[in-house]
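Hi,

Here is the structure I said I would pass on.

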Amino acid sequence: MEAICPLDSEFSEKIDALLKPPSSHEVQASFRNFIPLGFFEYFDQLISTRQYRGLRIKQNGEFGKGVYADLEFREGELVCKDQMLVGAQHSSNKVDCLVCSYCFRFIGSIELQIGRKLYLQDLRFSARKCDTGTYSHTSNDCCPDDSSDEEGNSFMTDHDNSRGCSSSEPKDKISLPGEIVESLMKGDMVLPYSKQFYLPSAISCPGGCEEAHYCSNLCAESDWESFHSLLCVGEGSGSLCREALLKFIEHANETNDIFLLAAKVISFTILKYKKLKAAPLKVQERSSSLNGSEDTCFSMLLEAWKPISMGYKKRWWDCIALPDDVDCVDEASFRMQIRKLAFTSLQLLKEAIFNIECAPLFSLEIYGHIIGMFELNNLDLVVASPVEDYFLYIDDLQYLEKVEAEKITRPFLDALGDEYSDCCQGTAFFPLQSCMNHSCCPNAKAFKREEDRDGQATIIALRPISKGEEVTISYIDEELPFEERQALLADYGFRCKCSKCLEEEP
Ligand SMILES: [Zn+2]
Ligand SMILES: [Zn+2]
Ligand SMILES: [Zn+2]
């Protein structure tokens with residue numbers, strides 16, 4: 001049966017307006033009270049407020065838009081740091097790395113990072129090994145990687161249960177006694193040289209949930225104002241129903257954590273809308289808003305939505321690549337299933353954070369486009385691990401110092417196994433990077449330098465870029481043969497005509 005969202009038909013006109021290409025927003029006669037900025041003005045403003053020096057977004061005949069150099073860049077020079085609009089750590093990665101929920105910097109201490117990871121890995125392993133029923137009410141048994149809705153509470157309470165099971169550790173990892181892991185996690189045990197790898201201490205969520213942690217009060221406040229207040233499962237939550245929110249999160253963790261990102265986008269738009277509405281209007285706006293308050297409200301919703309409208313292209317179920325194990329003849333039913341899954345998730349989210357003035361945001365049409373934006377833009381959020389740096393540093397010490405240090409650090413490294421170097425991983429939407437067009441011989445690339453320790457995207461010039469030249473990056477492995485490249489790029493919806501492709505085209 002097809003999933004039918006009643007909001008799709010009820011708000012079809014407004015949904016069309018929201019999904020219209022941004023440049024045409026300003027000619028919307030019916031929403032004239034509050035004229036949103038046009039597309040290029042939006043980016044000019046973004047570029048100036050964020051101080052991306054030397055860049056411009058310009059019309060590009062073939063692909064619509066592109067990022068152009070307004071200055072010369074030397075080879076290896078930083079072209080820009082692109083602050084994400086919205087991003088999230090993968091649910092499964094939360095076991096491995098404790099990072100700021102807003103800027104994705106590692107937090108706590110080297111000891112906490114190592115101790116927590118060993119502790120949670122042990123918990124996860126025990127949960128898998130002895131499914132005594134303790135875990136059956138959580139998502140742990142089918143998705144042992146994470147339960148971001150549970151982590152905080154189950155963290156301590158399930159602990160004793162898991163200890164009761166006689167479980168052997170996975171091969172090639174040497175387990176450590178629980179007391180040692182705990183003393184590391186609590187900060188009672190200090191590892192040699194760890195002071196040189198200072199991390200900001202973890203600040204708890206102001207709403208009282210155990211899911212979000214921050215590197216600073218500024219990050220905590222910014223996250224609360226922009227995303228988290230509606231999605232917090234703590235006492236101070238601004239959601240309609242915490243139970244419903246927990247169900248939504250559990251469903252996302254069991255199926256696809258891309259829904260958590262979509263929820264952040266919706267929360268972001270609602271909170272921005274509320275802020276615009278609360279802001280004092282200028283006199284002329286106030287007088288016109290008296291006659292057309294519904295139009296004014298919708299214009300504000302359009303304005304709140306604008307940063308997002310720069311990114312979406314297609315509905316999720318239309319653009320998701322067909323998995324290898326799905327036969328072509330089953331394509332239609334596969335896409336139908338994906339649509340249904342999105343609908344289920346949306347209903348759960350609606351119960352948790354629905355806002356009548358922002359109702360069109362809860363239509364399946366909009367939800368599908370938001371998820372599709374992350375599917376297509378496919379931008380990875382990666383932050384290197386200071387734990388990896390720490391062990392490399394120990395390994396690099398002078399012989400005697402190394403021997404001395406390793407007496408303490410070696411058991412931890414052995415217990416972590418190959419995963420000692422796991423970095424923070426997630427998905428994010430970067431407004432500027434997402435405007436950069438692809439080339440198989442790009443002049444720039446996303447590359448994190450030693451000092452880039454948060455979730456921003458860093459774009460570096462691969463060769464000298466002259467003023468006026470388009471800045472391009474590669475969406476794929478550009479070393480692949482011509483046909484393979486074109487096949488991969490077809491998933492992005494275009495055929496590449498860069499100089500390399502024109503040269504190699506048979
Ligand atoms: Zn932070
Ligand atoms: Zn919270
Ligand atoms: Zn190409």
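To start with one residue: is Ala-220 buried or exposed? Ala-220 is buried, because 22 C-beta neighbours fall inside 10 Å; the cut-offs are 20 or more other C-beta atoms within 10 Å of a residue's own for buried, 12 or fewer for exposed, and partly exposed in between, with C-beta atoms placed from the backbone.

Before the rest, some housekeeping. This is a predicted model, where local features need pLDDT of at least 70 and side-chain atom pairs count only at pLDDT 80 or more, while totals for chains, interfaces and linings use all residues. Residues are numbered from 1 along each chain as its sequence is written, and chains are lettered from A and ligands numbered from 1 in the order in which they are written.

Overall picture

The protein has 19 helices and 12 strands, taken as DSSP runs numbered from the N terminus (helices are H or I with at least four residues, strands are E with at least two). Of its 506 residues, 41% are buried. Among contacts with a separation of 6 or more, 75% are between residues 24 or more positions apart; a contact here is two C-beta atoms, placed from the backbone, within 7 Å.

Back to Ala-220

Ala-220 sits in helix H8 (residues 217-231). Setting aside neighbours within four places in sequence, its contacts are Ile-203, Cys-205, Pro-206 and Tyr-214. Gly-207 is 13 residues away along the chain, and its C-alpha atom is separated from that of Ala-220 by 9.8 Å.

The cores

The largest nonpolar core has 106 residues, and the members touching the most others are Val-99, Cys-100, Ala-262, Ile-370 and Phe-429. By nonpolar core I mean a set of buried Ala, Val, Leu, Ile, Met, Phe, Trp, Tyr and Cys residues joined through C-beta atoms within 7 Å. Helix H10 (residues 258-278) gives the most to this core, 12 residues. Domain 1 (1-32 + 84-90 + 239-385 + 422-429) and domain 2 (45-83 + 436-506) both supply residues to this core, so it lies between them; the domain bounds come from an automatic or database domain assignment. Ile-370 is in contact with Ala-262, Val-265, Ile-308 and Tyr-312, leaving aside neighbours within four places in sequence. There is also a second, separate core of 13 residues, including Leu-118, Val-181, Tyr-390 and Leu-416.

Helix packing

Two pairs are worth a look. For H10 and helix H12 (residues 293-309), the axes are 8 Å apart and the packing angle is about 140°. Axes are lines fitted to C-alpha atoms, for helices over the stretch in contact, and angles run from 0 to 180 degrees between N-to-C directions. That makes H10 oblique to H12: angles under 35 degrees count as roughly parallel, over 145 as roughly antiparallel, 65 to 115 as roughly perpendicular and the rest as oblique. On the H10 side, Val-265, Thr-269, Lys-272, Tyr-273, Leu-276 and Lys-277 meet Met-300, Leu-301, Glu-303, Ala-304, Trp-305 and Ile-308 in H12.

Helix H9 (residues 242-254) and helix H14 (residues 331-353) have axes that come within 7 Å and cross at roughly 155°. H9 is therefore roughly antiparallel to H14. The residues that meet include Ala-244, Leu-245 and Phe-248 in H9, and Leu-348, Leu-349 and Ala-352 in H14.

A few more residues

Trp-316 is in helix H13 (residues 316-319) and is buried, with 25 other C-beta atoms within 10 Å. Beyond neighbours within four places in sequence, Trp-316 contacts Ile-338, Ala-342, Gly-368, Ile-371, Gly-372 and Glu-375. Trp-316 and Tyr-367 are 51 residues apart in sequence, with 8.5 Å from C-alpha to C-alpha.

Which residues other than glycine have a positive phi? Phe-104, at about 70°, and Tyr-193, near 65°, are the ones I noted. Phe-104 is in the loop between strand E4 (86-89) and helix H4 (110-129), and is buried because it has 26 C-beta neighbours inside 10 Å. Tyr-193 is in the loop between helix H7 (178-186) and strand E5 (203-204), and is partly exposed, with 15 other C-beta atoms within 10 Å.

Cheers
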